[in-house]
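Dear colleague,

Please find below the structure that I am handing over to you, followed by an account of what was found in it. I would be grateful if you could read the two side by side.

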Amino acid sequence: MKFKKGDMLLLLIILIAGISYLGLNFLYKDTGEKTAVISVDGQEYERIDMNRLNDEKLVHIDLAEGRYIDIVINTEGAYVSDVICPDKICVKTGVIDRVGESIVCLPNRVQVFIEGTEKPEVDSVSQ
């Protein structure tokens, strides 16, 4: 199978796009201050400065009726590692690492969100 001029052009465009994407992600790393805020039943439970963490921090919260939630926070982001609730949507949310992102566990009334100095990436309609 021979490569034609169109095939080579398409391959070149894909290669340039991939290198640009990786280069921009490498050059423009998050440098703003970020704080992970955990609230339970609408009350602030804990506030953790993500820039000053040297190691992973595990926050274990015991809730009513034998339920609990485990939240892991490090310099890369925050995520729910384990929880006792019916659907575990908060675990499936994955890692949050940008200002304005949040994880919510409705059955346990727990919220984890990231505050910081950088502007969140939202469009003009959301603002």
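Glu-33 touches Asn-51, Glu-115, Gly-116 and Thr-117, leaving aside residues up to four places away in sequence. Please note that these contacts, like everything below, come from a predicted model. Glu-33 is placed in the loop that runs between helix H1 (5–27) and E1. With a relative accessibility of 52%, Glu-33 counts as exposed, because the threshold for that class is over 50%. Although 82 residues separate Glu-33 from Glu-115 in sequence, their C-alpha atoms are 8.3 Å apart in space.

Thr-35 belongs to strand E1. Its relative accessible area is 19%, and Thr-35 is therefore buried, the limit being under 20%. Not counting residues up to four places away in sequence, Thr-35 touches Arg-47, Ile-48, Asp-49 and Met-50, and also Phe-113, Ile-114 and Glu-115.

The four-stranded sheet

Strand E1 is part of an open sheet of four strands, in the order E2-E1-E7-E6, with antiparallel pairing. The edges are held by E2 and E6; each has a single partner strand, so one side of each is left without a neighbour in the sheet. From one strand to the next, the twist averages 20 degrees.

The pairings in this sheet may be taken in turn. E1 and E2 run antiparallel and are joined by six bridges; here Ile-38 stands opposite Glu-46 in E2. On E1 and E7, also antiparallel, there are seven bridges, and Val-40 has Val-110 in E7 as its bridge partner. E6 pairs with E7 in the antiparallel sense over four bridges, with Val-112 in E7 as the bridge partner of Ile-103.

Two loop residues with positive phi

Which backbone angle sets Asp-41 apart, although it is not a glycine? Asp-41 has a positive phi of about 55 degrees. This residue, Asp-41, lies in the loop between E1 and strand E2 (43–49). Its relative accessibility is 47%, so Asp-41 counts as partly exposed, a class that lies between 20% and 50%.

Arg-109 is not a glycine either, and has a positive phi of about 55 degrees. Arg-109 is found in the loop between E6 and E7. The hairpin of E6 and E7 has four residues between the strands, and Arg-109 takes its positive phi there. At 57% relative accessibility, Arg-109 counts as exposed.

The three-stranded sheet

A further open sheet is formed by three strands in the order E3-E4-E5, and the pairing is antiparallel. E3 and E5 are at the edges with a single partner strand each, which means that one side of each is left without a neighbour in the sheet. The twist in this sheet averages 20 degrees from one strand to the next.

E3 and E4 run antiparallel and are joined by six bridges; Lys-57 stands opposite Ile-73 in E4. E4 and E5 likewise run antiparallel, with six bridges between them, and a hairpin of two residues joins E4 to E5. Across that pairing, Ile-73 stands opposite Ala-78 in E5.

The nonpolar core

How many residues does the largest nonpolar core have? This core has 24 residues, and those with the most contacts inside it are Ile-38, Ile-61, Ile-69, Ile-71, Ile-73 and Val-110. At least two residues of the core come from each of strand E1 (34–40), strand E3 (57–62), strand E4 (68–74), strand E5 (77–83), strand E6 (102–105) and strand E7 (110–116).

Leaving out residues up to four places away in sequence, Ile-38 touches Gln-43, Glu-44, Tyr-45 and Glu-46, then Val-59 and Ile-61, then Ile-71 and Ile-73, and finally Val-110, Gln-111 and Val-112. Among these contacts are Ile-61, Ile-71, Ile-73 and Val-110, which are also listed with the residues that have the most contacts inside the core. Glu-46, another of the residues that Ile-38 touches, is the residue opposite Ile-38 in E2.

Yours sincerely

Note on methods:
Residues numbered from 1 in each chain as written. Predicted model: local features only at pLDDT ≥ 70, side-chain atom pairs only at ≥ 80, totals over all residues. Heavy atoms only, no water. Core = buried A, V, L, I, M, F, W, Y, C linked by side-chain atoms within 4.5 Å. Buried < 20%, exposed > 50% of the residue type's maximum accessible area, 1.4 Å probe, protein only. Contact = heavy atoms within 4.5 Å. Pairing = 2+ DSSP bridges. Axes fitted to C-alpha atoms, helices over the stretch in contact; angles between N-to-C directions.
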